[in-house]
Amino acid sequence: MAEGRPEPLRLGSTAPNFKAETTQGPIDFHEFIGDNWVILFSHPEDYTPVCTTELGAFAKLEPEFTRRGAKLIGLSANTIDSHDGWIKDIDEISGSKLKFPIIGDKERKVALAYDMIDHQDATNVDSKGIAFTIRSVFIIDPKKTIRLILSYPASTGRNTAEVLRVLDSLQTGDKHRITTPINWIPGDDVIVHPTIKNDEAKELFPDFRIVKPYLRFTPLPKEKTSAA
C-alpha cells in the first residue's frame, strides 16, 4: 500500500468518521448519521456540467430517500462559498430546491479517507495538479457500516434511481431475510435467503417456490418493502 494512503474500504467496513465544513455548517460525520441510513456521494468539482445534472436529480429524489429514513450528503473539492453559488445554478437549471448539505473538501481530506481519488485519468486534476475526486457513492447503514460502494468515471453521470433501488433492496433484505435478483424493483419476486431452511421458509413465506435447491423465490408485495 502506498505511503500515506488509508486502508482500502470494503463492504462491511466501518465508515471513517471525520469533521468537515458543509453548506449547512460544521458536522461530525458519525453524529450526522445518527440512527439513519446515509448516502454519501462525491463530485469532481463545482460548476461542472455532469455534476450539476446529478445534484439536481438527487435534490428532486430527496423526499423518496427521506421517506426511507435515509439522509443525503454530497461532497465536492471546492470551498463552501463556491458550493453556495453553485447551488443557485443547480436549482435554476433543474427546477429543484437542493436542501441536503454539501461538504467542502478542497484539501481532499475526506476524499482520501474514502479513497475517492482518481488514479487513472491524468487530466482530472485542478490548477495545482491535485487529483479531483471521482463519482463515488457510499450507502452507509445506521450501524455506520458501508453497505454499497460505487465508483463512476468523471465523464459518466450516475443513475439516482439505481441508488434508490439498492437502498430498497438492502432495507427490505434486512427486514425480511431475503435477497433480490437481477433487475429487481419493489413488488417483484425476491429470493429466500440461503441461510433459511425449507421448513422455516414455509412459515415465513407460504407461497415460496423451489426452482433449484439453492434458488427459491417468493412473492413480496411492494407494500412490504421499504418503498411502501
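In this predicted model, contact means heavy atoms within 4.5 Å.

Q: Which residues does cysteine 51 touch, not counting residues up to four places away in sequence?
A: Cysteine 51 has its place in helix α2. Its relative accessible area is 0%, so the residue is buried. Leaving out residues up to four places away in sequence, the residues that cysteine 51 touches are His43, Pro44, Glu45, Trp86 and Arg135.

Q: What feature does UniProt place at Cys51?
A: Cys51 belongs to helix α2 and is buried. The UniProt entry, which is unreviewed, carries an annotation at this position.

Q: How many residues apart in helix α2 are arginine 67 and glutamate 64?
A: The side chains of arginine 67 and glutamate 64 meet in a salt bridge, with an N to O distance of 2.7 Å. Both residues are in helix α2 (residues 49–67), where about one helical turn separates them. Their spacing in the helix is 3 residues.

Q: Is arginine 68 buried or exposed?
A: Arginine 68 meets glutamate 64 in a salt bridge of 2.8 Å, N to O. Glutamate 64 is partly exposed, at a relative accessible area of 27%. Buried means under 20% relative accessible area. Because its relative accessibility is 9%, arginine 68 counts as buried.

Q: Which residues are linked with Glu64 in a network of salt bridges?
A: Glutamate 64 pairs with arginine 67, a residue that is partly exposed at 44% relative accessible area. Glutamate 64 also pairs with arginine 68. The network links Glu64 with Arg67, Arg68 and Asp168.

Q: How far apart are the closest N and O atoms of aspartate 141 and arginine 147?
A: Aspartate 141 counts as buried at 7% relative accessibility, whereas arginine 147 counts as partly exposed at 23%. Side chains of opposite charge can pair when their charged atoms come close. Aspartate 141 and arginine 147 form a salt bridge, and the closest N and O atoms are separated by 3.2 Å.

Q: How many salt bridges does a search of the whole structure find?
A: The pair formed by aspartate 141 and arginine 147 is a salt bridge, as is the pair formed by arginine 67 and glutamate 64. Searching the whole structure gives a total of 11.

Q: What is the order of the strands in the open sheet?
A: The open sheet has 4 strands, with antiparallel pairing. Its edge strands, each pairing on one side only, are β8 (178–179) and β10 (209–212). The order is β8-β9-β11-β10.

Q: Which residue in β9 is the bridge partner of threonine 179?
A: Strand β8 runs antiparallel to β9 (residues 190–192), and 2 bridges join them. In β9, the partner of threonine 179 is isoleucine 191.

Q: What is the nearest side chain of opposite charge to arginine 216?
A: Arginine 216 lies in strand β11 (residues 215–218) and is buried without a salt bridge. A polar atom of its side chain is 3.0 Å from the backbone oxygen of histidine 193. Beyond four places in sequence, its contacts include Val190, Ile191 and Val192. A salt bridge needs a distance within 4 Å, whereas the nearest side chain of opposite charge is 8.2 Å away and belongs to glutamate 200.

Notes. Residues are numbered from 1 along each chain as its sequence is written. This is a predicted model: local features need pLDDT of at least 70, side-chain atom pairs count only at pLDDT 80 or more; totals for chains, interfaces and linings use all residues. Side-chain values use heavy atoms; hydrogens and water are left out. Two strands pair if DSSP finds at least two bridges between them. Buried means under 20% relative accessible area, exposed over 50%, partly exposed in between (1.4 Å probe, protein chains only). UniProt positions are given in the numbering used here, feature names are shortened, and annotations may be inferred rather than shown by experiment. Lys and Arg count as positive and Asp and Glu as negative; His and the chain ends are not counted. A polar contact is a pair of N or O atoms within 3.5 Å; within protein, one must be able to donate a hydrogen and the other to accept it, and residues adjacent in sequence count only if both atoms are side-chain atoms.
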